[in-house]
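This report describes selected features of a single protein chain, moving from one local detail to the helices, the surface and the charged pairs. The structure is shown first.

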Amino acid sequence: MMTAHTLAELLGWPLLHFVWQGALIASVSAILLAICRNARPQLRYLIACSAMLLCLLWPALGVFQQWQSPQAMSLEAAMQLAANSALPLDLVWVRESALAAHIESYLPLIVAIWSTGVALMMVRLGLGLLWVYRLGRHLPQPQQDLLLQYRQWQARTGQMAQQLGITRRVQLQFQQQLVSPITYGCFRPVILMPASLLSGMPYDMIEALLAHELGHIKRWDYIVNLLQNLVLAMLFYHPAVWWLSKRIDAERELIADDLAISAVGQSRPLARALQWLDKLQISAQPQPAMAAHGGDLLSRIKRLIRPDAQPWHWKMAAPVLGIGMALILLLQTQLISSAEAVPQTGDREQPVTQPVTQMATSTQAASQQRTAYVQTQSEHVLVMDEQSGKVLLSKNADSMVPIASLSKLMTAMLTLDAGLDKNEAITISKEDMAVYQSSQVKLKQGMVLSRQNLLELALIPSSNVAAKALSRTYPGGDVAFAAALQQKIGSLNLRQTHLEEATGTSSKNRASATDMARIVKAAAAYPELRRLTSSSEGAVTIAGKTQEYQSTNPLTSNKDWGISLSKTGYSKAAGRCLVMRTVVAGKPVIMVLLNAKNVDVRNDDVHHIRAMLDPAPSS
């Protein structure tokens, strides 16, 4: 079921994908044009025009696919949809990579810049059309001695048009402001000739230029040129489109040259006329009009006088590099798309359906389920009913990922399992200070704290120094502590967990959401851990100075949540992590959320999950 997309999503991703698509189109076209370098210009023109059309159709297809693709919704939106739907709701998780999320945040800006560019290009095109139109309508009255020449050239234009098989009436006008012939109009074509050519250019050269312009009219080049400029306006940001447009212009002029030669019977008058224009150093005319000086003048003159075959040049192999770069971009964008677009079959988590379905008044068969593509800010989620062990919510729960300070739950359990004296005084060593220290409680080398103080500091404000001191003073030291970790992992039957040290600062400390739920359940069996990790604040006195601290989980201060165990974690590799044992709808529930982008979105996920499991209003 498709939901509404924003304009930024509809246009942004296709515009970005066209970066590699346009490079690929231009590279393939360049290779084909090089292969056909000695073929008739009509073939090269067809290749270039086809490539330009593909430049338009490929992004258009991307917009259509973006519109048709299922739109991911937040868990909150899915929850509301379930409450208002008479059908069971099947949730399908949509994975989103960090890179895709980062790019997506810039889509509105990208689309805004693109829209501004398109508007400016359209204004440019409109002004050009208006200039040509006004130029053709505001013509000065010719002098009496030139009037006869005007009529003669109009008659000659009609003869050559008939010779070229043009059935439309072609109007010839002379304009004092021009320095080169131009053609505009489709069904009522008009050729504007510079009046100065009548007195300075020989008859056969003017005739050749007229034949050239009639060649454009015969081939309906004006409307093709107009469509070409519309595509250029829409995709102005890509150099490949400008290059293809230039190639189309060049091949178009060559075709018109050939038609002109067929009309006048020889090539030298046209070559001389082009040389004349080149000497005048004519500046470019507005894009919407066909001008005789278009394309590469020197190449055209050489082709008309001495049409030699073009040799192969090593630079013609350069597009192969462009294809390689486009394929690299394609691979990267496909990795992004696979992360943020339609999910794979393995992303379907059937346990999700049950709690959401209970909220809906489901009277239909399971085959009539409605699918919602849901996106949470946390990459790995597991919600479990502690009493029954039933998984209520699951998203990528079996992937081993860094867990940062969640490791401290295992550190605390090993400390309590060892039955060590909680009042034993422990001196902070230089080795303990080697780990990253949080800002809440500043411990220094030489400070003396009890093991109980270290346990509290490791769990509530999540002090790495305290956790390191606990493992260092474990019977047998860090080596024995690491061995005890492996035994604990085995005793808890943790199949997707690997821990090497006590603090979680190492990215090698990894676990899945499924195993973290087992760790939380095991930790909840320790009354001391329940007491400490559910505390919202505390204080420690060191050398006569009291330092206060707060829990890294702000939800512990909200009594309505009934939190009986909690631990957070953060590192660049792990993101924002949270495990929590709370009460929802009167039942103990374990929540595990790993790899969220920041604390706010992680907490949003927690609130939405709780509201989904317990739709009754809560504070």
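Predicted model: local features only at pLDDT ≥ 70, side-chain atom pairs only at ≥ 80, totals over all residues.

## A glycine after α10

Just after helix α10, Gly 265 takes a positive phi of about 90°.

## The chain as a whole

The secondary structure of the protein chain comes to 21 helices and 19 strands. Of the 619 residues in the chain, 51% count as buried, and the chain exposes about 28900 Å², of which carbon and sulfur atoms supply 57%. Among contacts between residues at least 6 apart in sequence, 71% join residues at least 24 apart.

Helix α1, formed by residues 7–35, has 29 residues and spans 41 Å from its first C-alpha to its last, which is close to the 42 Å expected at 1.5 Å a residue.

Which residues form a nonpolar patch on the surface? The patch is made up of Met 122, Phe 187, Trp 220, Ile 223, Leu 227 and Leu 230, which together have about 570 Å² of accessible area. Helix α9, residues 221–234, gives the most to this patch, with three residues, while Met 122 is found in helix α5, residues 107–137. Met 122 counts as partly exposed because its relative accessibility is 36%.

Met 121 also has its place in helix α5, but this residue is buried, with a relative accessible area of 12%. Residues up to four places away in sequence set aside, Met 121 touches Leu 232, Ala 233, Phe 236 and Trp 242. With Phe 236, Met 121 makes a pair 115 residues apart along the chain, yet the two C-alpha atoms are separated by 7.8 Å.

A search of the whole structure finds 13 salt bridges. In one of them, the side chains of Arg 156 and Glu 207 meet at 2.5 Å, N to O. Arg 156 lies in helix α6 (residues 144–163) and Glu 207 in helix α8 (residues 203–218), so this pair ties together parts that are 51 residues apart in sequence. Arg 156 is buried, with a relative accessible area of 17%, and Glu 207, at 12% relative accessibility, counts as buried too.

Asp 432 forms a salt bridge with Arg 472, the closest N and O atoms being 2.8 Å apart. Since Asp 432 lies in the loop between β11 and β12 (448–450) and Arg 472 in helix α17 (residues 464–472), the pair ties together parts that are 40 residues apart in sequence. Is Asp 432 buried or exposed? Asp 432 is buried, with a relative accessible area of 0%, whereas Arg 472 counts as partly exposed at 23% relative accessibility.

Another salt bridge is made where the side chains of Asp 478 and Lys 468 meet, at 2.8 Å, N to O. This pair links distant parts of the chain, with Asp 478 in helix α18 (residues 477–491) and Lys 468 in helix α17, ten residues apart. Asp 478 counts as partly exposed at 27% relative accessibility, while Lys 468 is buried, with a relative accessible area of 16%. Elsewhere, salt bridges that share partners join Arg 44, Arg 247 and Glu 251 into one network.

## The loop residue Glu 424

Glu 424 is found in the loop between α15 (408–417) and β11 (425–427), where it is partly exposed, with a relative accessible area of 36%. Its neighbours within four places in sequence left aside, Glu 424 is in contact with Leu 449, Ser 450 and Arg 451. Glu 424 and Leu 449 are 25 residues apart in sequence, and 8.2 Å separates them in space, C-alpha to C-alpha.

Terms used. Residues numbered from 1 in each chain as written. Heavy atoms only, no water. Helix = DSSP H or I, 4+ residues; strand = E, 2+ residues; numbered from the N terminus. Expected span 1.5 Å × (residues − 1). Patch = residues over 30% accessible without salt bridge, like charges linked within 9 Å, V, L, I, M, F, W, Y side chains within 5 Å. Areas by Shrake-Rupley, 256 points an atom, 1.4 Å probe, with all protein chains shown as cover. Salt bridge = Lys/Arg side-chain N within 4 Å of Asp/Glu carboxyl O. Buried < 20%, exposed > 50% of the residue type's maximum accessible area, 1.4 Å probe, protein only. Contact = heavy atoms within 4.5 Å.
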